[in-house]
2 protein chains.
Amino acid sequence: MLAVDEAGSNRSVVTQLRAYLAQATLPEDGRLPAERDLSAVLGVTRTELRKALGALEAEGQIWRHVGKGTFMGNRPVDTLSDIAALSKRTNPAELMRARLIIEPEIARAAALTATPMHLAELRMCQARTREAATWRQYETWDTRLHRTVAEATQNTPLLGLFDMLNALRRAVTWGRLRSNPVKPEPDHHSFTEHETIITAIENRDMNGAAAAMRTHLQSVERNLLARQSSEAD
Amino acid sequence: MLAVDEAGSNRSVVTQLRAYLAQATLPEDGRLPAERDLSAVLGVTRTELRKALGALEAEGQIWRHVGKGTFMGNRPVDTLSDIAALSKRTNPAELMRARLIIEPEIARAAALTATPMHLAELRMCQARTREAATWRQYETWDTRLHRTVAEATQNTPLLGLFDMLNALRRAVTWGRLRSNPVKPEPDHHSFTEHETIITAIENRDMNGAAAAMRTHLQSVERNLLARQSSEAD
DNA sequence: AGATCCGACCAATTCTAAATTGGTTGAGAG
DNA sequence: CTCTCAACCAATTTAGAATTGGTCGGATCT
């Protein structure tokens, strides 16, 4: 009934559990048997086992989750890399801040590594956006242009990050489509801004590419805010 | 039997299909009924319908995928945001290049937005890494320190990108764990480098924070290469 | 003959229901 | 009082059925 006694009885199970963990060969992911099974193997009550597991969890040796199981090692940080979950916790303004931080650096890297093939595709996308008869077509080629910049870095992880930002953008902007059905006007700001970006990349001007991309995104942001304020547009 | 006749018969189904698409109210994701159902609704053969769908797909109005269905709009770019798929197409060197591009910018942003709470947590993580008795513990707090920098940006998408990079790192490094069981030495390069990063963030020195983070990552990279060359270590 | 229709089948994907898992509660035994 | 045991709960995984676009071969019609 004394605290010492409780600790004592628990400690024996804990040590027994520690011995088991040291000896057992558990699967790649470090998952150990279910509590019901493990209690049978160790010949202890589930209640007892759970106390011992609780102790090990408290000292960070293991981590548990309902429906998943009990695992050895550090609990993995709950990764926010899920687009759907992420899109619910953010907003267009925050997303634009992230884009302003990331995409200029992607453009900078692209200026260093772009191949003639990439440059040709950039030029083609630029031409297609000018020819676009509808906003749908414009956005198709605009998206591809920006993705080509990311591809030009020739860096797979970087391209993955860019895709994630893009997926987020679609998820966040979801619902409020472009209300304006007319096609983009020939003096749309994006045309000259795209031109500046592509030229900088062609000239291997890393700082110029980053600056041009930043300017472009700020321009897009200004446009979004303007459209938001005048609802009808 | 002439080519014109074929085109003529197809065109009628195509126009019928176009009319249906213009009139029908399809779900949020733009998915239209299954071919077997749609053919019944339009009163045409599935073969005929498929020809018409093929035409519309060719001109980019719709896109199809086995098991998924047929959808209106542009085919979504096959996003590389899947960690597992991504980790197979990349390598540690490429990943480190991406980190060198992204993480300094995260540190720069953090220097601008970090709250006293974040600074306190950074200091705590730094202390914990110094106290670490094993590499496992060291890595736990090192990881948390770097994530706190990302949290300090107070930007959800940016934090998501950071988590994605981290998940990638774990996936790519998978298999070759740290072979050295001894604890980190007191003069480990990371200690002073972390100190420089945290100090810069405390001083709201954005350029300093970015530079310190870049230096730190380059140091880690050097370390990795050295360990790789001397396999035994 | 030759195109078309029809049914069946295939592989990729989604949907659904059962099984599993850690966490919790309450009655009863010691 | 404490511990045990069984049942239950919600989160998660798993496995199998159902669905979907794509394909093939024989039957049918022109």
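Biologist: How do you know how much area chain B and chain A bury between them?

Modeller: Buried area is the accessible area (1.4 Å probe) that two parts lose on being put together, summed over both; for chain B and chain A it is about 3500 Å², with 63% of it on carbon and sulfur atoms. In chain B, the residues that lose the most area to chain A are B:Thr156, B:Pro157 and B:Leu161, together 15% of what that side buries. This is a predicted model: local features need pLDDT of at least 70, side-chain atom pairs count only at pLDDT 80 or more, and totals for chains, interfaces and linings use all residues. Residues are numbered from 1 along each chain as its sequence is written, chains are lettered from A and ligands numbered from 1 in the order in which they are written, and side-chain values use heavy atoms, with hydrogens and water left out.

Biologist: What makes a residue of chain B count as in contact with chain A?

Modeller: Contact means heavy atoms within 4.5 Å. By that rule, 40 residues of chain B are in contact with 39 residues of chain A.

Biologist: Why is it said that the copies meet through the same surface?

Modeller: Of the interface residues of chain B, 98% are also interface residues in chain A, so the copies meet through the same surface.

Biologist: What rotation superposes chain B on chain A, and why is the relation called a two-fold axis?

Modeller: The copies are superposed by least squares on the C-alpha atoms of residues with pLDDT of at least 70 in both. A rotation of 180° with 0.1 Å of shift along its axis superposes chain B on chain A, with RMSD 0.4 Å; that is the relation of a two-fold axis. In chain B, the C-alpha of B:Leu161 is nearest the axis, 3.0 Å from it.
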